[in-house]
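The sequence and model are shown first.

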Amino acid sequence: RSLGEGQPERARQSTGRLTNRGCCCGDWTEGARRTSEAPASMLESHIADLLQGQAKKFIHGFKSEQLSLGILSGYVELKNLALNPEPVDELLLGSELPFVVKAGTLSSAMLSLSLMQGELELVVDGLSLVLAPAARWLSRQEVYQHRTNEMERLEFVHMRSQTQRRTLERDMFRKLFADYLSRVKIIVKNVHIRVEIEDELSFISRGPAVAAGLVINSCDVLPVKIPAPTNSEESNRSELLVAETVALNGISLYHESAGSAEVHVSWDLYHACRSCEHGVFQKVAQAEFTRLMLASRQRHASTPANRQLVPPTNISLRVDLKSQALSTDTHIENCLTMEVMMRLENPSRLRFTATIEEGVRWLARRVVDFQMWPYLHAQCAKPRNARARWHVIRSFVALKRRIQSNKYSLQDAILMRINCKEYIRLYKRKYNGPESSVAWRKSLPPLTQEDATNLGLIELSYPAEKLVNFRLMAHAEMKTESSLNSFCEEGAALQSSGPQRSPRRAVSAWQARELTPMEQLHLHGQHGFGVNIYRGLPPPPSNLKIRIDIVLPHGLWWVCELDQGMAGPSAVPARGGSQSWTVALDCAAQPLHMVLVDSIADTSVFGTLEIPRVREGERPLALLLGRSEAAFRMGTPGRDPRQSKALGHGGSGPEEWCSVLEFDGSI
């Protein structure tokens with residue numbers, strides 16, 4: 001009040017000074033903000049350089065402009081990516097799928113992290129891949145890595161007891177879901193995977209191409225919160241380890257027959273650009289490849305549903321992995337149970353042809369032949385002339401007889417027994433030498449470089465299950481040798497402890513030794529080096545019980561069109577050019593429920609199919625036969641809601657159809 005009454009000018013000056021002081025405080029805040037952003041931008045620059053160095057292993061021609069990074073907001077985004085096929089090829093080889101990736105693109109991939117909640121969200125959009133049948137010579141390094149991975153998986157199963165495996169697997173899945181899967185949300189959009197087959201389904205050298213594709217509009221993988229058990233007793237009986245839901249929207253399959261298929265990336269182009277820095281995009285623009293894939297997808301989406309292999313449908317999945325108590329004759333053990341519940345939200349529709357069936361049979365033969373490639377390519381060099389090619393063909397036929405049919409000639413059987421004994425001898429040397437953890441093995445000869453080479457050559461010649469059987473025999477010998485030489489180790493310990501006299505002092509003078517051939521024969525039994533090494537390892541008892549529950553509430557309508565070659569010359573021509581008989585499985589008026597359960601005692605699978613009784617006047621589950629596909633172009637025939645009873649036959653000419661077999665009653 002005194003300032004306002006007596007000193008107005010002074011008050012204005014004070015106010016002005018306060019205003020100026022406030023402006024200085026604002027400048028300081030702005031400078032502090034800029035100072036705090038500087039380290040963040042520097043950190044983003046360092047992380048961008050690190051990601052750029054790692055991304056080159058999976059992405060062709062990666063540039064910093066394709067990376068968007070926000071440290072403070074917690075997201076990383078990559079755009080317009082050209083994928084490197086090599087990591088996917090390694091995955092396909094490990095899965096024994098006979099395909100390679102010719103080209104692949106990804107529109108965007110964004111990783112968002114919530115630091116407060118500890119959750120991670122991955123959004124992948126616009127994944128396009130073009131696959132082709134594998135036709136390349138595998139290197140020894142690829143074969144050896146593939147064989148090593150197989151042996152590691154088998155060793156985990158066969159070199160541990162069933163109780164140990166159950167405990168390890170239960171703890172592994174519990175930690176995997178609690179630490180990772182329960183915090184990750186995955187969203188995948190606009191997936192298009194296309195397989196192009198050139199010249200392989202034709203007897204002539206340059207036949208027409210065939211293509212097939214998979215389209216997924218969206219796929220959401222979400223974790224389910226696992227409730228805490230109410231008491232410890234309930235937790236011991238049953239424990240939910242993993243719970244995930246998968247929602248597939250707009251999943252469809254298409255097929256392009258010979259003469260109508262368009263090749264987006266030819267094999268000649270892929271083979272010529274395989275070693276280039278950018279792959280096929282060295283000669284083909286990435287935007288052009290994306291346009292071709294989008295055009296194929298739109299063309300098949302506009303095709304009528306009755307002409308598509310599998311029209312778009314929605315599928316919901318729920319996957320639960322539980323640890324449940326399993327009662328045996330003597331005690332109670334834990335067993336893993338996987339329950340998969342699948343529900344189709346739309347009617348199940350399938351249009352099959354004899355041409356597609358021929359392609360499926362070709363794929364099955366190609367998968368079986370592809371399993372021989374690691375053995376064939378490891379033994380034979382890439383042929384350069386006709387004589388070498390015939391040698392490779394003879395070796396391939398012999399490998400199929402020896403590995404797939406498990407039939408051995410006398411020469412192969414004797415050679416396998418020699419290699420088995422040599423492998424056991426060399427494998428035990430890996431545990432010898434001065435660096436051995438066992439005292440008495442330090443004086444034995446270690447594994448040399450030549451021995452390691454011979455050991456690797458044997459591993460390249462036999463399947464993983466045979467090699468694991470060899471290793472089991474080697475471990476049995478080492479266990480027996482440890483018991484045999486335990487006195488030497490005790491004697492050495494007593495000798496180093498002091499000068500006191502001991503009755504075991506003389507034991508230290510014994511020389512460490514391995515088993516003699518006669519002792520090895522007695523250890524492995526009468527058939528140790530005979531029948532057992534050829535028969536292979538017995539299948540281990542299963543530790544995972546799988547139950548698959550499939551629900552089709554809207555029934556199914558499957559159509560199979562026979563080709564002219566299968567229909568015969570007497571086939572009746574139909575309107576529109578079709579000259580093939582057509583078979584249809586009609587269950588459009590009844591829901592289906594299928595349950596598949598495997599047995600934990602053996603490899604058998606029990607299946608249950610439940611179909612309720614149809615309503616009065618409706619046609620039950622039936623097998624229909626039509627003169628041509630025109631008889632079924634409008635879907636299931638003879639079902640008119642205006643009529644009191646469904647028909648069993650109808651049509652005329654190429655549209656004639658009849659019901660061949662009907663299942664009346666509940667199934």
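## Overall organisation

Of the 667 residues of the chain, 35% count as buried, where buried denotes a relative accessible area under 20%, exposed one over 50%, and partly exposed a value in between (1.4 Å probe, protein chains only). The model is predicted, and for that reason local features need a pLDDT of at least 70 and side-chain atom pairs count only at pLDDT 80 or more, whereas totals for chains, interfaces and linings use all residues. Residues are numbered from 1 along each chain as its sequence is written, and side-chain values use heavy atoms, with hydrogens and water left out.

The secondary structure comprises 18 helices and 19 strands; helices (H or I, at least four residues) and strands (E, at least two) are DSSP runs numbered from the N terminus. Among the contacts with a separation of 6 or more, 73% join residues 24 or more positions apart, a contact being heavy atoms within 4.5 Å.

## Nonpolar cores

A nonpolar core is a set of buried Ala, Val, Leu, Ile, Met, Phe, Trp, Tyr and Cys residues joined through side-chain atoms within 4.5 Å. The largest such core has 34 residues, of which Phe62 and Leu248 touch the most other members. Two or more residues of this core come from each of strand 3 (75–83), strand 4 (99–114), strand 5 (119–133), strand 6 (184–197), strand 7 (210–223), strand 8 (238–256) and strand 12 (544–552). A second, separate core has 22 residues, including Met151, Tyr427, Val468 and Phe470.

Beyond its neighbours within four places in sequence, Leu248 is in contact with Ile216, Ser218, Cys219, Thr313, Asn314 and Ile315. Cys219 is itself buried, at a relative accessible area of 15%. The structure holds zero disulfides, a disulfide being a pair of cysteine sulfur atoms within 2.5 Å. Cys276 is in no disulfide, and the nearest cysteine sulfur, that of Cys273, is 4.6 Å away. With 26% relative accessibility, Cys276 is classed as partly exposed.

## Helix 11 and its surroundings

Helix 11 (residues 386–404) has 19 residues and spans 26 Å from its first C-alpha to its last, close to the expected 27 Å. The expected span is 1.5 Å times one less than the number of residues. At the start of helix 11, a side-chain oxygen of Asn385 comes to within 3.4 Å of the backbone nitrogen of Arg387.

Which residues of helix 11 are buried? They are Val392, Ser395, Phe396, Leu399, Arg402 and Ile403. These residues lie on the same side of helix 11 because they cover an arc of only 140° around the axis, the arc being that of the directions from the helix axis to the C-beta atoms. They pack against helix 9 (354–370), helix 10 (373–379) and helix 12. The face turned away from the buried side of helix 11 carries the exposed residues Arg387, Trp390 and Arg394.

Helix 9, one of these packing partners, has 17 residues and reaches 24 Å from its first C-alpha to its last, close to the expected 24 Å. Its buried residues are Ala354, Ile356, Trp362, Arg366 and Phe370.

Just after helix 11, Asn406 adopts a positive phi of about 55°. Lys407 belongs to the loop between helix 11 and helix 12. Apart from neighbours within four places in sequence, Lys407 is in contact with Arg401 and Arg402. The C-alpha atoms of Lys407 and Tyr534 are 8.9 Å apart, although the two residues are separated by 127 residues in sequence.

## Further local features

Asn80, located in strand 3, has a phi near 50°, a positive value in a residue other than glycine. Glu96 lies in the loop between helix 3 (85–94) and strand 4; although not a glycine, Glu96 has a positive phi of about 60°. Ser436 is placed in the loop between helix 12 (410–429) and helix 13 (449–459). Not counting residues up to four places away in sequence, Ser436 touches Tyr431, Arg441 and Lys442.

| Residue | Relative accessible area | Class |
|---|---|---|
| Asn80 | 51% | exposed |
| Glu96 | 24% | partly exposed |
| Lys407 | 54% | exposed |
| Ser436 | 10% | buried |

How values were computed: A polar contact is a pair of N or O atoms within 3.5 Å; within protein, one must be able to donate a hydrogen and the other to accept it, and residues adjacent in sequence count only if both atoms are side-chain atoms.
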